[in-house]
Amino acid sequence: MDVQLKVWRQAHSNAPGDFEMYEASNISPDMSFLEMLDIVNERLLEGGTEPIRFDHDCREGICGTCGIMIDGKAHGPQNGTATCQLHMRSFSDGDTITLEPWRAGAFPVVKDLAVDRSAFDRIMESGGYITVPTGSAPDANLIPIPKEAADTAMDAAACIGCGACVAACPNSAGQLFTAAKLAHLNLLPQGQPERWTRTENMVNAMEEFFGSCTNHGECERACPKQISIDFIAMLNRDYAKAGVKNRNLAGQQA
Amino acid sequence: MELDAKIPEGEITTLWGQHKFNMSLVSPNNKRKFDIIVVGTGLAGASAAASMAELGYNVKAFTFHDSPRRAHSIAAQGGINAAKNYHGDGDSIFRLFYDTVKGGDYRSREANVYRLAEVSANIIDQCTAQGVPFAREYGGLLDNRSFGGAQVSRTFYARGQTGQQLLLGAYQSLARQVGLGNVDLHTRTEMLDVVVKDGRAVGIVTRNLITGEIESHSAHAVVLATGGYSNVFYLSTNAMACNMTAAWRAHRRGAAFANPCFTQIHPTCIPSSEEFQSKLTLMSESLRNDGRIWVPKEAGDDRPANEIPEDERDYFLERRYPTFGNLVPRDVASRNAKNMVDKGKGIGPLKNGVYLDFATAIERLGADTVEERYSNLFEMYERITDENPYKVPMRIYPAAHYTMGGLWVDYHLMTSVPGMYAIGEANFSDHGANRLGASALMQGLADGYFVLPYTIGDYLSGMLGDPVVPTDDAAFVEVEQDVKDQIAFWMNARGTRSPDYYHRQLGKIMVDYCGMERTKEGLEKAIAEIPALHAEFRQNVRVLGSSDDFNETLEKVQRVDDFFELALLMCIDALSREESCGGHFRTESQTEEGEALRNDDDFAFSSAWEWTGRPGDPKLHKEHLEFNHVKLSQRSYK
């Protein structure tokens, strides 16, 4: 199949950017989207044009490195699929496909389609952990955890930190990412001692970088791991509670 | 170069505990006087950086990713082994140790492996306390499964995303230390060389991938946690950016490289489709617990799987290995699949796979149970192939996956250069000639959480009061200039072909001659072809753009250049090891039944290669292996 690519090219974060058109001819529908881009890039390089920079790594949908706005949709048309797992069979011969970087104030463009998502790391550093110095852990089976709680924590922990939720949100809010980590840790018994400080710290860090959530739900739709927006409700509940929680009694109540 | 493994004297079961007492300590208020560089932030690097920062050392961590959470440890699916014996099925530290040495086909160091088995239980405790959501039973306790040929259930897992959850646990601990200011984290920064002064590692030279800036960093010790080199085969299950550059440049600065030919081919990957394929996707080995592997009995049988009747199918692993069946170790499963394809019994459009069939499991357990166990893997498979594994059998084929070889390290995980350590997949230490399933995560975290933080103190304690070598020292200036000269060389490369073009050619040579089966003739051919292709590559590769920029071609060209030199060493190593063991199968050395035949009289050693300045002419040092606790036997999985 033959497709046309309309690609955002931007030399660096302070340079102006613009769209360029490229031909992607003779493409197999069984190629992944990024394999198609590899081929375009190899042809560009051998033809004397600097290749399109895009972030990518594992190509298995788990590392969260890739992320392209494809025809205005974060990670493209297929639900529950990261860009690297999208295949050309989702497109038709003759299509013009628009490729843009994530667009969000908190994610400045580094070059072309690659952005800087380190704001996510700042949120994590503010409280996205359970404090447990190496070697100080009790036997793992000393803390029984109801299977349902462990499974729900795992649902939230499946977040790959790709940033599609932010890119899809009209407000560039970071709620789904933050909520997923908070739910993962706040649902587990091990996460209780730091629950309320963690919630306040992570939400505060988030608000330094990201817009506000107004419940559009675009994030859930765009999420390649289909993380539920219900976790945002949990974030809101825990954040409201955190403000009034009597920390002296925190160990005695969930 | 003198290799001293520094294995302490004593009874193996108490060796590590006793040795921890015997090593020198750095007192808590002195730890802040030491700087440590950690390169790589995967399982091993992140856990080491976090643990050492908690202890009080000043840690500088480096990753070429945009965040530590991207490291390829994240893609490990199946699980992590630990000798917890939670299921009361007869597991013990000694059994995990025994299985690992045997599974590695008796080419690993007993003392290291015993220590690994010993600390395995601590890893599960540590990770659970961090909030890693391991799978649980309804009673709330941890679930285990049997994995990759183990006869006990000792594998802990978090759905099919165990590596992700363990990495996030380590990353979160690291993030905490970054937030506290104890770790200085450099992202999108690639190590391009290591600086050695007066025989000690004193720092590294890096390139900022976004600005292109070349920088020097000094420290009292340098830790490489930079992963393996499966991407030398071009197509592998490794992530696109996985490379050998950091470890290779350490090798060129004096670190011995051990057992480079010990590579693992994973039996259950999605077969490659066409030339454009950029990487191969692993389907967790856990699928072999419930899936049955078969091919048609007749070569060239073109009927769809569902139309081939039961008695015309050959469940070749179950037939040849009645005890272990589909759960034979990886090297055995891989080679058998290759034999079937070589006999013309391969399936799929390119006849390059074998079936992995879940029909029996769905009948026995119900689709719901199968879905609960494997849903994410089945979805991933369907997304890639457009085929539904609940209805038609999966197609699988072996692919390069893990490298047991790596930088030679002693019992302290120190390389042959004092002050330079290698941990995780980057070292060669624990898996011998073949790694057991679910043991990579175990080793990465054992090294990072529970070994290096102890052993590094023994080295540092002798340097109390010594300042770091300043980065304007001649040693740094010289290495920096080297790095800049190399980059200038590549920026002038105005040939015609991309680095990928040559990487693909190199990969093909390696798959053909240094892959699942190796012969003397094939290896000699590869040793002749690789330098010629390497020369053409240096002559004819094309790099565009600027070196002061986010330039992927420049990154890639240097990595491919290092792969060429490594590939040559792998073939030399494979040629010199005239025996079969584990993942290294020399056609000339096999039993009557076609199994790997070791030669313990002549080859019970690890090959540690010293860089001589001339690629293709390395110097061999042998570390002889002694087995006092495990009886050497021909592996049999009948």
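Colleague: Which residues touch the most other members in the largest nonpolar core?

Modeller: Keep in mind that this is a predicted model. The largest nonpolar core has 285 residues, and B:Val223, B:Leu224 and B:Cys571 touch the most other members. The element that gives the most to this core is helix H17 of chain B, residues 552-576, with 14 residues.

Colleague: And what does B:Val223 touch, if you leave out residues up to four places away in sequence?

Modeller: B:Val223 touches B:Ile36, B:Ile37, B:Val38 and B:Val39, along with B:Ala48, B:Tyr421, B:Ile423 and B:Leu452.

Colleague: Thanks. Now B:Thr63: where does that residue sit?

Modeller: B:Thr63 is in the loop between strand E2 (58-62) and strand E3 (80-81) of chain B.

Colleague: Is B:Thr63 buried or exposed, and why?

Modeller: B:Thr63 counts as buried because it has 27 C-beta neighbours inside 10 Å, and the cut-off for buried is 20 or more.

Colleague: Which residues does B:Thr63 touch, again not counting those up to four places away in sequence?

Modeller: B:Thr63 touches B:Gly40, B:Thr41, B:Pro68, B:Ala71 and B:Thr187. There is also B:Arg188, which is 125 residues apart from B:Thr63 along the chain, yet their C-alpha atoms are separated by 5.9 Å.

Colleague: Let's move to helix H4 of chain B. Which of its residues are buried?

Modeller: In H4(B), residues 93-103, the buried residues are B:Ile93, B:Leu96, B:Phe97, B:Asp99, B:Thr100, B:Val101 and B:Gly103.

Colleague: What do the buried residues of H4(B) pack against?

Modeller: They pack against E3 and helix H5 (110-130) of chain B. H4(B) is followed by B:Asp105, which has a positive phi near 55 degrees.

Colleague: New topic: what is the domain assignment of chain B?

Modeller: The assignment gives domain 1 as 266-401 and domain 2 as 474-599 in chain B. The C-alpha centres of these two domains of chain B lie 30 Å apart.

Colleague: How many residues make the contact between domain 1 and domain 2 of chain B?

Modeller: Five residues come from domain 1 of chain B and four residues from domain 2 of chain B. On the domain 1 side, helix H10 of chain B, residues 330-342, has the largest share, with four residues. By class, that side of domain 1 divides into one nonpolar, one polar and three charged residues.

Colleague: What does H10(B) lie across?

Modeller: H10(B) lies across E11, strand E12 (292-296), strand E14 (354-357) and E15 of chain B, and runs at about 65 degrees to E11(B).

Colleague: What is the strand order in the open sheet of chain B with E11 in it?

Modeller: The five strands are in the order E11-E15-E14-E12-E13, with antiparallel pairing. Strand E11 (263-269) and strand E13 (313-314) of chain B are at the edges with a single partner strand each, so one side of each has no neighbour in the sheet.

Colleague: How many bridges join E11(B) to E15(B)?

Modeller: Five bridges join E11(B) to strand E15 of chain B, residues 394-403. One of the pairs is B:His266 with its bridge partner B:Ala399 in E15(B).

Colleague: Over to chain A. What are its domains?

Modeller: Chain A is divided into domain 1 (3-111) and domain 2 (118-252). Their centres, taken over C-alpha atoms, are separated by 30 Å. In the contact, 17 residues of domain 1 of chain A meet 16 residues of domain 2 of chain A. The domain 1 side there has nine nonpolar, seven polar and one charged residues.

Colleague: What is the order of the five-strand open sheet in chain A?

Modeller: The order is E2-E1-E5-E3-E4, with mixed pairing. The edge strands are strand E2 (17-24) and strand E4 (73-74) of chain A, each pairing on one side only.

Colleague: Last one: how many residues from chain A and chain B make the contact?

Modeller: The contact takes 66 residues from chain A and 64 residues from chain B. H1(A) gives the largest share of the chain A side, seven residues. By class, the side of chain A that touches chain B has 30 nonpolar, 17 polar and 19 charged residues.

Definitions and conventions:
Residues numbered from 1 in each chain as written. Chains lettered and ligands numbered in written order. Predicted model: local features only at pLDDT ≥ 70, side-chain atom pairs only at ≥ 80, totals over all residues. Core = buried A, V, L, I, M, F, W, Y, C linked by C-beta atoms within 7 Å. Buried ≥ 20, exposed ≤ 12 C-beta atoms within 10 Å, placed from the backbone. Helix = DSSP H or I, 4+ residues; strand = E, 2+ residues; numbered from the N terminus. Contact = placed C-beta atoms within 7 Å. Pairing = 2+ DSSP bridges. Nonpolar A, V, L, I, M, F, W, Y, C, P; charged D, E, K, R; others polar. Domains from an automatic or database assignment. Axes fitted to C-alpha atoms, helices over the stretch in contact; angles between N-to-C directions.
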